[in-house]
Amino acid sequence: MQRIGVFVCHCGSNIAATVDVKKVVELAAKEPGVVHAEDYQYMCSEAGQAKIQEAIREKNLTGVVVCSCSPRMHEATFRKAAERAGLNPYMVEIANIREHCSWIHKDMEEATKKAVILARAAIAKVNLNAPLQPGESRVTKRALIIGGGIAGIQTALDIADAGYEVDIVEKTPSIGGRMSQLDKTFPTLDCSACILTPKMVEAAAHEKINIYTYSEVEHVSGFVGDFTVDIRKKARSVNMDKCTGCGVCQEKCPSKKIPNEFNRGLNNRTAIYTPFAQAIPNVPVIDRENCIKFKTGKCGVCSKVCQAGAIDYDQQDEIVTQKYGAIVVATGFDTIKLDKYDEYAYSQSKDVITSLELERIMNAAGPTKGHLERLSDGKAPKELVFIQCVGSRCSDDRGKPYCSKICCMYTAKHAMLIRDKYPDTNVTVFYIDVRTPGKNFDEFYRRAVEQYGVNYIKGQVGKVIPQPDGSLLVQGSDLIDNKQILKKADMVVLATAIEPNPDVRKIATMLTASIDTNNFLTEAHAKLRPVESPTAGIFLSGVCQGPKDIPETVAQAGAAAVKAIGLLAKDKLTTNPCTAKSDELLCNGCSTCANVCPYGAISYEDKEVNDHGIRETRRVAVVNTALCQGCGACTVACPSGAMDLQGFSNRQIIAEVDAICR
Amino acid sequence: MQELINRAKELLADGTVARVLGWKAGDLPYNPEPAYFETEESLKDFVYNGFCGANLSKYMIEASKLEGKTLVCLKPCDTYSFNQLIKEHRVDREKAYIIGVGCKGKLDIEKIRKQGIKGIESISGAEITDEAETLTIQTIYGEKTCAYKDAMLERCHVCKGKEHKIYDELMGESKETKDADRFAEVEKIEAMSPEEKFAFFQNELSKCIRCNACRNVCPACSCRKCVFDSNKFDSAQKANVDSFEEKMFHIIRAFHVAGRCTDCGECSRVCPQGIPLHLFNRKFIKDIDTFYGEYQAGEDTTSKGPLTNFTFEDVEPSIVAERG
């Protein structure tokens with residue numbers, strides 16, 4: 001029989017105002033196994049913890065129930081306190097009478113009744129608790145960053161500066177990400193490339209950073225501190241050691257009609273290409289799908305003109321297998337497809353463009369060399385209309401329910417830059433709300449309106465109608481003047497919603513990191529652990545976690561790096577002992593548990609067992625306790641009940657349910 | 001049948017198999033029972049006729065532990081159970097020599113009795129080689145006849161098909177016997193009000209005598225130690241609170257075999273009380289088909305069952321609330 005102490009916390013008035021704590025003490029004291037019960041104003045305070053420790057020593061308690069706030073809040077606090085008094089920390093259970101009771105109920109009598117029931121359930125569980133011993137696992141002192149945009153680069157630099165090896169895996173031929181496509185950045189209007197490229201160079205030159213471009217993560221196994229990752233280095237068809245980056249191959253390549261991804265398809269590139277001039281590495285790749293040599297076997301011009309002899313048509317994909325202690329996801333975003341938004345005539349008119357396309361048009365290295373011009377006829381637009389929230393804050397399933405967060409600011413930036421450079425061009429912005437929280441953000445927006453005369457209209461656009469004369473008729477509403485507007489425009493720019501890079505689903509599945517309904521990676525705690533995934537050892541950097549601008553991304557990238565460094569700095573990790581365990585005498589060896597295990601923690605071995613005198617070799621499940629996260633999926637799936645979760649055994653849970661239903 | 005016996009003798013003689021798993025005549029003309037034959041001589045007792053409904057797959061769990069191969073006779077529908085057992089690593093494919101035997105639908109003595117045919121002395125027309133559409137039954141009250149079809153087991157009216165899903169060799173013809181909708185009965189129950197459903201199952205399950213025949217015969221109920229027999233779980237020793245609680249056994253059993261049940265119908269065939277136990281399993285199968293796409297357990301040995309697999313197309317848990 002256990003000797004259980006019950007400690008009921010008032011949490012100031014948080015609990016005591018709704019729950020009669022004295023009554024909880026009185027009734028809990030009568031429960032089987034309970035030898036001590038008391039209440040205190042703040043159990044988590046030093047004095048409160050001392051009360052628990054004193055009772056453990058004086059009454060030889062074997063189990064403790066603390067009726068207080070959520071275990072997410074103070075379970076660790078009370079377990080540590082109990083451990084210091086000589087009790088196994090896993091003999092402490094929390095009855096959550098705050099979040100689950102006092103905060104959500106008003107009636108004192110009812111709430112007290114419920115608090116007693118919750119206490120009873122926890123006591124019933126502790127009666128079946130057994131001391132557990134956490135294990136240890138080692139930490140590989142190397143981090144993997146998936147994604148080589150500003151988020152990934154910043155995280156890599158920070159981790160590498162702390163002295164740890166870092167690998168960046170980037171899918172495209174160069175690091176740089178979305179930021180490399182931007183022209184100017186708000187709210188300071190400094191050139192994006194001017195602040196990004198030094199960071200790219202720094203990352204490439206850093207002795208602790210190793211960059212795999214044109215590469216993808218293929219397979220991930222293992223667990224926090226000890227991941228094993230297969231990286232596919234796609235065949236570049238160019239020898240990276242020999243190539244000097246002279247660019248002659250690109251000039252001479254006869255296959256020139258391939259939409260240039262970097263310029264959002266606004267112009268063309270060759271089959272052998274580097275995405276942009278400042279690419280790192282400055283080594284081209286051959287796009288085999290569009291290369292004449294690969295399609296027909298004839299051509300080979302690049303090979304002929306390459307002085308360095310770097311072209312290698314026979315290069316094969318290569319798989320690199322590497323061990324990591326921490327993995328940071330920095331997969332970034334793309335703009336949504338606009339095929340569900342026919343009303344904006346994006347697919348009908350070349351002069352309806354997205355904001356990211358405008359970034360390329362405004363950029364001196366872009367398809368128009370930085371001249372603002374209509375893509376249909378090359379003329380300078382005199383009337384420009386921006387439409388905000390295209391696919392953002394959308395209540396139906398065409399777009400996204402969330403605010404893309406960056407559009408208000410970059411639209412203000414675009415409007416301001418255009419008014420500055422082309423003062424005779426009128427700029428109108430249709431908006432739902434202008435959202436400018438951020439340092440110097442509202443000042444920036446007001447400058448666009450007040451100093452640059454950008455015409456902001458509160459209201460949405462219903463339709464953009466291409467006119468026979470090549471102009472566009474914008475039909476919208478002005479909610480402040482309460483009138484319909486028909487506006488002739490030469491060009492329309494859509495502030496298109498952003499969404500997580502579609503590849504993130506595949507990556508999240510490999511990492512067993514959870515994603516939300518919008519494909520953003522989920523944090524371990526929305527407020528208190530915003531850069532960690534609920535899956536241990538996986539960290540989140542940049543827009544893969546939620547929409548954010550560059551300063552926020554860089555700040556979060558640094559935060560993710562700190563969390564990763566905190567992990568890599570440890571030599572050993574303590575593993576959670578609340579893991580699954582298979583009773584080999586009950587196990588059928590049927591593999592059901594292994595099928596449902598999201599962590600790949602279950603394997604099988606042929607083992608000699610002695611089942612009440614019958615000695616035979618059986619196929620039995622074995623749990624790798626370092627991999628097991630204690631989710632319990634296996635215990636539910638196991639048909640014979642052989643799998644059980646330590647600390648949350650089926651018996652304990654049934655005992656809790658029985659106690660509640662009593 | 002003689003062909004089958006001859007082949008079995010050959011395989012025993014040349015050492016390919018160490019024993020034969022088939023059926024031998026029982027004490028009545030309609031109850032042949034599963035049996036091992038270890039010598040050519042003993043095969044004289046071997047029978048295979050319309051009453052050999054017993055699914056021999058499950059016997060292969062123990063037979064897999066024996067020395068040498070076992071020749072096992074499997075009907076088309078039995079092969080699904082065998083595949084499922086391979087998938088669950090419960091039988092050893094290498095230890096089995098499978099003869100896929102032909103099947104023209106298996107007979108249910110209760111259906112014959114229900115037609116008022118009692119005092120049965122012998123039955124002809126049930127031999128697997130017989131092409132007869134009619135059974136001729138000698139009884140102490142004289143000769144009676146019964147259409148073969150009217151005497152078939154329920155499961156044969158919803159036959160999964162005459163194809164053997166796994167075998168080493170085939171012997172004998174099979175016949176398509178399907179003439180009813182597999183889920184018609186389930187749909188009838190689904191249409192009932194909760195009170196009617198409860199009354200229906202309470203009535204049916206009140207007949208249960210907890211003989212465990214359904215569990216013991218079920219190829220999916222192959223646990224080394226059943227939760228109902230284990231002292232590790234509180235289910236074995238728990239005293240009943242009311243007379244219906246005992247019947248939870250069937251509900252729990254249906255959950256345990258969900259997604260693994262091949263719908264072989266053995267549970268209903270062996271129930272001495274005539275409870276339509278297969279309806280529970282078929283309800284699960286119907287739901288699985290609806291929520292996760294058509295799935296037949298035992299169709300193959302490698303695919304993941306929908307309940308032990310995750311895809312992005314899976315229904316959300318809220319479906320339960322929506323359906324009520």
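Visitor: In which helix of chain A is Ile550(A) found?
Guide: Please bear in mind that this is a predicted model. Ile550(A) belongs to helix α15 of chain A, which covers residues 550-568.

Visitor: Is Ile550(A) buried or exposed?
Guide: Ile550(A) is buried: 20 other C-beta atoms lie within 10 Å. The cut-off for a buried residue is 20 or more such atoms.

Visitor: And what does Ile550(A) touch, leaving out residues up to four places away in sequence?
Guide: The residues touched by Ile550(A) are Ile150(A), Met179(A) and Thr185(A).

Visitor: Moving to the largest nonpolar core, which residues touch the most other members?
Guide: Those are Ala143(A), Val329(A) and Val492(A), in a core of 130 residues. Helix α12 of chain A, residues 407-421, gives the most to this core, namely 9 residues. Apart from it there is another core, of 46 residues, including Ile4(A), Val19(A), Val65(A) and Ala81(A).

Visitor: What is Ala143(A) in contact with, leaving aside its neighbours within four places in sequence?
Guide: Among its contacts are Ile159(A), Tyr164(A) and Val166(A), as well as Tyr324(A), Gly325(A), Ala326(A) and Val328(A). Ala564(A) and Leu568(A) are also in contact with Ala143(A).

Visitor: Which strand is joined to β27(A) by 5 bridges?
Guide: That is β21 of chain A, residues 383-390, which runs parallel to β27(A). Val390(A) stands opposite Thr496(A) there. Strand β20 of chain A, residues 352-354, is also parallel to β27(A) and is joined to it by 3 bridges. In that pairing, Thr354(A) has Leu494(A) as its bridge partner.

Visitor: Now the open sheet of 4 strands in chain A. What is the strand order?
Guide: The order is β2-β1-β3-β4, with parallel pairing. The edges are β2 (34-40) and β4 (92-96) of chain A; each has a single partner strand, so one side of each is left without a neighbour in the sheet. From one strand to the next, the twist averages 15 degrees.

Visitor: How many bridges join β3 to β4 in chain A?
Guide: There are 5 bridges between β3(A), residues 63-68, and β4(A). Ser68(A), for example, is partnered with Asn96(A) in β4(A).

Visitor: Which strands does helix α3 of chain A touch?
Guide: Helix α3(A), residues 71-84, packs on the sheet and touches β3 and β4 of chain A, its direction making about 150 degrees with that of β4(A). Helix α5(A), residues 108-126, lies across β1, β2, β3 and β4 of chain A, at about 160 degrees to β4(A).

Visitor: Lastly, how many residues of chain B are in contact with chain A?
Guide: 15 residues of chain B are in contact with 14 residues of chain A. The chain B side comprises 3 nonpolar, 5 polar and 7 charged residues. Chain B itself has 12 helices and 9 strands, and 36% of its 324 residues count as buried.

Definitions and conventions. Residues are numbered from 1 along each chain as its sequence is written. Chains are lettered from A and ligands numbered from 1 in the order in which they are written. This is a predicted model: local features need pLDDT of at least 70, side-chain atom pairs count only at pLDDT 80 or more; totals for chains, interfaces and linings use all residues. A nonpolar core is a set of buried Ala, Val, Leu, Ile, Met, Phe, Trp, Tyr and Cys residues joined through C-beta atoms within 7 Å. A residue is buried if 20 or more other C-beta atoms lie within 10 Å of its own, exposed if 12 or fewer, and partly exposed in between; C-beta atoms are placed from the backbone. Helices (H or I, at least four residues) and strands (E, at least two) are DSSP runs, numbered from the N terminus. Two residues are in contact if their C-beta atoms, placed from the backbone, lie within 7 Å. Two strands pair if DSSP finds at least two bridges between them. Axes are lines fitted to C-alpha atoms, for helices over the stretch in contact, and angles run from 0 to 180 degrees between N-to-C directions. Ala, Val, Leu, Ile, Met, Phe, Trp, Tyr, Cys and Pro count as nonpolar, Asp, Glu, Lys and Arg as charged, and the others, Gly among them, as polar.
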